[in-house]
Amino acid sequence: MSETYADIFDVFVVGGGINGCGIAREAVGRGFSVCLAEMNDLASGTSSGSTKLVHGGLRYLEYYEFRLVREALKEREVLWSIAPHIIWPLRFVLPHHKELRPAWFLRLGLFLYDHLGGRKLLPGTKVLNMADDEASKPLSQNFSKAFEYSDCWVNDARLVVLNARDAADRGAQILVRTKVVSAVRCDGLWQIVLEGADGARKTVNARYLINAAGPWVDQFLADGVRQDSVHNVRLVQGSHIIVKKLFDHDRCYIFQQGDGRIVFAIPYEDDFTLIGTTDREFSGDPTNVKISSEEIDYLCGAANEYFSQSIEAGDVVWSYSAIRPLFDDGASKAQEATRDYVLKVEGEDGQAPLLNIFGGKITTYRKLSESAVEKIESFFGERQGFSTNSVPLPGGDFEVTGFDIQVQSLKNKYPFLQNEHARHLVRHYGTKAYEILGKARSYDDLGEFFGGQLWACEVAYLVSREWALSAEDILWRRTKQGLRMKPGQVEALELFLQNLDARAERLSA
Ligand code: FAD
């Protein structure tokens, strides 16, 4: 590792998921010096493996999680307004299944959902007459009634990177492929040992340590901080499958299952349907989480309950799995464990503090980050104001309803752009799309074409501005162009990245 570091950071964050990157942005925005280390790629843990909903969590009402649901409902429009390129509203269709939750119960839940918090732009719930609604067409059963309500969609992995980018633009040091091997207290500071991908080690110092290691939060306490008998989180695996699209409209379905769970079917990347999620206890190293054949069968079965077009394991074009690091509140069933977050500070008077982050949701990351930085401020004293609720994330500086206008403006400046490509660029980069296209006047100026909507100029941007290093970072996290790539195209991208590396090495030699 050849980076140079500040002598002593105010704040050191372990983990480059949504919580770590959100906290880094909030802390540096308030004037603290911040360093964050992520052992793999940004968002390579749970934060790229979610259902990608910015939602209150309708089913959490059943577990009386009113505080969490209210906060999350309010956050929907806040997050949409700071990142309208990667977050947008969705309507959810909830068919009323006569043998499952009664209609009055769903109506009550949705009434609360509409009125608990902060809904200004998102439309409220309505009842659908399924006899003549398009949403009934792909379904196999004759549902007479369904409810339709609002939540939002988020490109989760990009939300993480944009928080990291903004934090770095404000002065935070973001280190990827850098594992925090150990952290010990020494003379009122944390001495933190980092290990790079090449195995080289380096020590940095910080006054305040934040453990935002997600599913690895206990592992870091046990191995990195050397604490005994650590047991704060319950690891619950959730998996998703992606199949060719099962319906043509732009609404989602929320399907109740006989076992009390719910499964979403969501339009995904134009040509696909995303189906998830499962809920099962997990033990072992979260790095090795993989969808099981039972989970694939469960999700296919759940979809087959409702859709007339039947699917099976062979139809799955891609799948992903992730671990929920739920705070262990002693609930007996995985789906009953609280989804709320818990922040705990350790450190006696005069000792350097350690703040552990347990649980949380993508939706509440900003509120969690505010609470974390309030704890930091109660140690250091208050710093400058910084409102992450109104400062757009990179590329998100346009109106929430302005997506189509942005696409048109981009096409006006670059008339050669195909519509689909322009939409791809605005959906991923918002107003930063202009940085990617630069002075291009035709497709020849965008460099090598790799397949899908991916040209060399975008790859170069992802490498230089978004810490992307491998084909996987680019095809499965910064974008989902992996869904459209053929094997030879992936190899061409890998080769291109190796050549970029070699060129950078030659330049620095
Ligand atoms: P992570 O994203 O896992 O980040 C922790 C990071 O720490 C990892 O990248 C890891 O590599 C790094 N790390 C660990 N140890 C070290 C170390 N020693 N040194 C350096 N780095 C280290 N929430 C919603 O709001 N909406 C949803 O629709 C939704 N759906 C979900 C569906 C599923 C299946 C799951 C599992 C979760 C879902 N969630 C959802 C919850 C949400 O995804 C998580 O709460 C959130 O992503 C957790 O983020 P995190 O930053 O705590 O953890």
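Two residues are said to be in contact when heavy atoms lie within 4.5 Å. Keep that in mind as we look at this model, which is predicted.

Let us begin with a pair of helices. By that cut-off, E71, E75, V78, L79 and I82 in α2 meet Y365, R366 and K367 in α7. Helix α2 covers residues 66-82 and helix α7 covers residues 365-380, and the two pack at an angle of about 100 degrees with their axes 9 Å apart. Angles of 65 to 115 degrees count as roughly perpendicular, so that is how α2 stands to α7.

Now for the aromatic rings. Searching the whole structure turns up 28 aromatic pairs. A pair of aromatic rings is described by the distance of the centres and the angle of the planes. Take F255 and Y306: their ring centres are 4.0 Å apart and their planes are at 10 degrees, so this pair is stacked. F255 belongs to strand β12 (residues 252-256) and Y306 to helix α6 (residues 293-306), so the pair ties together parts that are 51 residues apart in sequence. Are these two residues buried or exposed? F255 is buried, with a relative accessible area of 1%, and Y306 is buried too, at 0%.

A second pair has another geometry: F450 and F496 are edge-to-face, 5.2 Å centre to centre with 65 degrees between the planes. This pair links distant parts of the chain, with F450 in strand β19 (residues 449-451) and F496 in helix α13 (residues 487-508), 46 residues apart. Both F450 and F496 are buried.

Going back to F255 and Y306, you will find them in one aromatic cluster together with F143, F247, Y253 and F307.

The charged end of R427 sits over the ring of F403, 3.8 Å from its centre. Likewise, R67 places its charged end over the ring of Y341, 5.4 Å from the ring centre.

With a relative accessibility of 8%, G359 counts as buried. Which residues does G359 contact, leaving aside its neighbours within four places in sequence? They are N19, P325, L326, F327, D340, Y341 and L368. By comparison, L299 is 60 residues from G359 in sequence and 25 Å from G359 in space, C-alpha to C-alpha.

Methods. Residues numbered from 1 in each chain as written. Predicted model: local features only at pLDDT ≥ 70, side-chain atom pairs only at ≥ 80, totals over all residues. Heavy atoms only, no water. Axes fitted to C-alpha atoms, helices over the stretch in contact; angles between N-to-C directions. Helix = DSSP H or I, 4+ residues; strand = E, 2+ residues; numbered from the N terminus. Parallel < 35°, antiparallel > 145°, perpendicular 65-115°, else oblique. Phe/Tyr/Trp six-rings, centres within 6.5 Å; stacked < 30°, edge-to-face > 60°. Buried < 20%, exposed > 50% of the residue type's maximum accessible area, 1.4 Å probe, protein only. Lys NZ or Arg CZ within 6 Å of the ring centre and 35° of its normal.
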